[in-house]
Amino acid sequence: MRLAALAAGALLAGAAAGAPPVHYDITVRIDPVSRALDGEATIRTTAAAEAVALGPGFDAERILVDGRALAVQPAAHGAVRRYALPRASAARTVAMRWRGTLAPLDRSLDHRQTLGHAAAVAGAEGTFLPAASAWYPTVVGRDGPLRASYRVALDLPERERGLVPGRLVEERAIAGRYRATFEFTHPAEGIDLMAGSYRVDSRTVPSAAGGTVVLRTYFHAGIADLAPAYLDAVRGYLDLYEAWIGPYPYTEFSVVSSPTPTGFGMPTLAYLGERVLRLPFIRATSLGHEVLHNWWGNGVYPDWARGNWSEGLTTFMADYTYKERESADAAREMRLAWLRDLAAVPQGEDRALAAFISRTHGTSQIVGYHKAAMLFLMLRDDIGTAAFDAGVRRFWAEHRFRVASWQDLRGAFEAASGAELAGFFAQWLERPGVPAVRIAGAERRGAGDTHAISLTLEQDAPAYALRMPLRVHTRAGEETRVLDLREARQTFELKVDARPLALELDPDFRVLRRLADAEAPPILRQAMVAPRAAVAVLDPDAAWRDAGERLAGRVLDAAPSALAAGEAPPPDAAVVAIGPHAAVDAWLAAHRLPPRPAALGERSEAEVWAAARAGGGPLVAVAARDVAALEAVMRLLPHYGRQSFLVFEASRVARRGVWPGRPVAWRFD
């Protein structure tokens, strides 16, 4: 994901198309032990600049506007300091000195907490100053911060290495300090700074534009041996996307390790948690996603006021593309997982895709990433791969380093395909929710050697325009038809070559739709994203209660209410039961809820499973041997929302799975 997107709706929300240019020349000195920061900046800006802002914990010592001192008024503790600039009709220069104390690095944060943590932090393990923290004097206009180019000089302890997005101009060690200067000549939404006791490895590779790209890893000592594999992987992704989209837009790319479980993509770099980087599959999944963001999001900027298209396009061209390259079955499983996620979103909580700005919780990720990726899959199915790829290249060529909207994307695909796509984009962007399509009835027609089917499909009004795949099973084999469904109830007459036996609707899950109940067996995410939740911790011991409440707080989007002993679970909320094995079994039986599934086998250290309640909200049970086992569940459960069950052994997930589903089918007598 892109870090800038995290700040949308907060400090960076107003970065708008056509913002006038700003240029920062910044020198910053950081001591990670004392967490002290001292900075100086010279800012060239235009009349559109209304103020400069500093985040909580930072104070301006001096501000000069075209050489004249500006009064520095203190702000309330913990508040953003905003210093108004005198009105002007021409460009001006702002010189500023500031200082502050960074917050201590908190390594206990989990991934979800890190997403919403916009503080500038420092510690012995590393320093991270996100742009959203306003660690430097951020120039703001009427609609928010203005995009800017910059030159940043870092001054760090000698054993430290640091960087900001951009080109490394120079670096040196002098007087027991490390100095490095970076520049970024394109309009950027903000400046993020990372530093730590890194070992730096580098490699220079050719670029499709005819020059070279410098690849680097900034890794903590414990993972420094992984550098060659990561450099190889980055080069592979650059080759893939340069051939698919166009030349890589920058002169370098770095992979930087973080002491906390971050997963941020910024121009010219990816900032990933040290523990995450150890996982062998990250090079084949998340890394490519962040590399691709240098085209989508950091190379073409979303028009935040009209929705964020970049996460969906990146998910489709990265995560999904890797599954397609793996196998047809792997790609089908990813499509099904996306639709299961959408089925887990409660009715009324699935907002319109055009309203998505950034990921803040599970539901927003399902909409902004998975629903949008399915849009691009259906678009490619409709216009063909050649036209889709031509549209991608056209979009890049026309909007490189410019703000672009969903409408601009539509225009590129229309020009490449010759198709009129206004209706397609309107229904998927502007309407909340997704259609639910049903087989209302089917009859066999014909006699002798003539075979036909009369099939009626239904969907709720107002109807979507859908191209619905239908698999027809006959005595001679099977074939797939694509039906143009345009009405709330529509009948199709189909001729087939042999006696029809059965029909399956969209069996490969290529249409964005709400799965039928039989297609979408219970998964853990249904409880995670529910708007209301109740938690029963089934052991009175204080350690159990504390661990159970922390687990619920970590995995549930909604703030849960507590169920007292013997209290009946509310029918309209997700229910999570947590406790020792025997207590969970007894509680489920007492409330006539589905028992522990036999498929889980013998009791282990811990089991987690999802179940459906008749006429009620989702149910998740967490049964553990002891509090220590529950701690392992707490650490891993947030990453397994797409599963129906988990079995833990030796503090790891030993088995997992999804309860079997059944396709929407019609069988003839």
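Which hand does the crossing of α10 and α11 have? The crossing is right-handed. A crossing counts as right-handed if the near helix is turned clockwise from the far one by less than a right angle, and left-handed if anticlockwise.

The model is predicted: local features need pLDDT of at least 70, side-chain atom pairs count only at pLDDT 80 or more, and totals for chains, interfaces and linings use all residues. Residues are numbered from 1 along each chain as its sequence is written, and side-chain values use heavy atoms, with hydrogens and water left out.

**Helix pairs**

Helices (H or I, at least four residues) and strands (E, at least two) are DSSP runs, numbered from the N terminus. Axes are lines fitted to C-alpha atoms, for helices over the stretch in contact, and angles run from 0 to 180 degrees between N-to-C directions.

| Helix pair | Angle | Axis distance |
|---|---|---|
| α10 (406-417) and α11 (422-430) | about 150° | 10 Å |
| α9 (385-399) and α10 | about 130° | 8 Å |
| α13 (542-555) and α15 (627-636) | roughly 10° | within 10 Å |

Angles under 35 degrees count as roughly parallel, over 145 as roughly antiparallel, 65 to 115 as roughly perpendicular and the rest as oblique.

Helix α10 packs against α11 at about 150°. That makes α10 roughly antiparallel to α11. From α10, the contact takes Trp-406, Arg-410, Phe-413 and Glu-414; from α11, Ala-422, Phe-425 and Leu-429. Contact means heavy atoms within 4.5 Å. Five of these residues are nonpolar, none polar and two charged. Here Ala, Val, Leu, Ile, Met, Phe, Trp, Tyr, Cys and Pro count as nonpolar, Asp, Glu, Lys and Arg as charged, and the others, Gly among them, as polar.

Helix α10 also packs against α9, at about 130°. The two are therefore oblique to each other. Their crossing is right-handed. On the α9 side, the contact includes Phe-388, Val-392 and Phe-395; on the α10 side, Leu-409, Phe-413 and Ala-416 are among the residues. By class, the contact has 10 nonpolar, three polar and two charged residues.

Helices α13 and α15 cross at roughly 10°. They are therefore roughly parallel to each other. Among the residues that meet are Trp-544, Leu-551 and Arg-554 in α13, and Leu-630, Glu-631 and Met-634 in α15. This contact divides into eight nonpolar, one polar and four charged residues.

Helix α7 (328-344) and strand β25 (437-445) each supply at least two lining residues. The largest share, three residues, comes from β25. By class, the lining has 20 nonpolar, four polar and six charged residues.

**Backbone exceptions**

Most residues other than glycine have a negative phi, and most peptide bonds are trans. Ala-134 has a positive phi of about 55° although it is not a glycine. Ala-134 sits in the loop between β10 (126-129) and β11 (138-141). The peptide bond from Ala-461 to Pro-462 is cis, with omega near -5°. Pro-462 belongs to the loop between β26 (451-459) and β27 (466-474).
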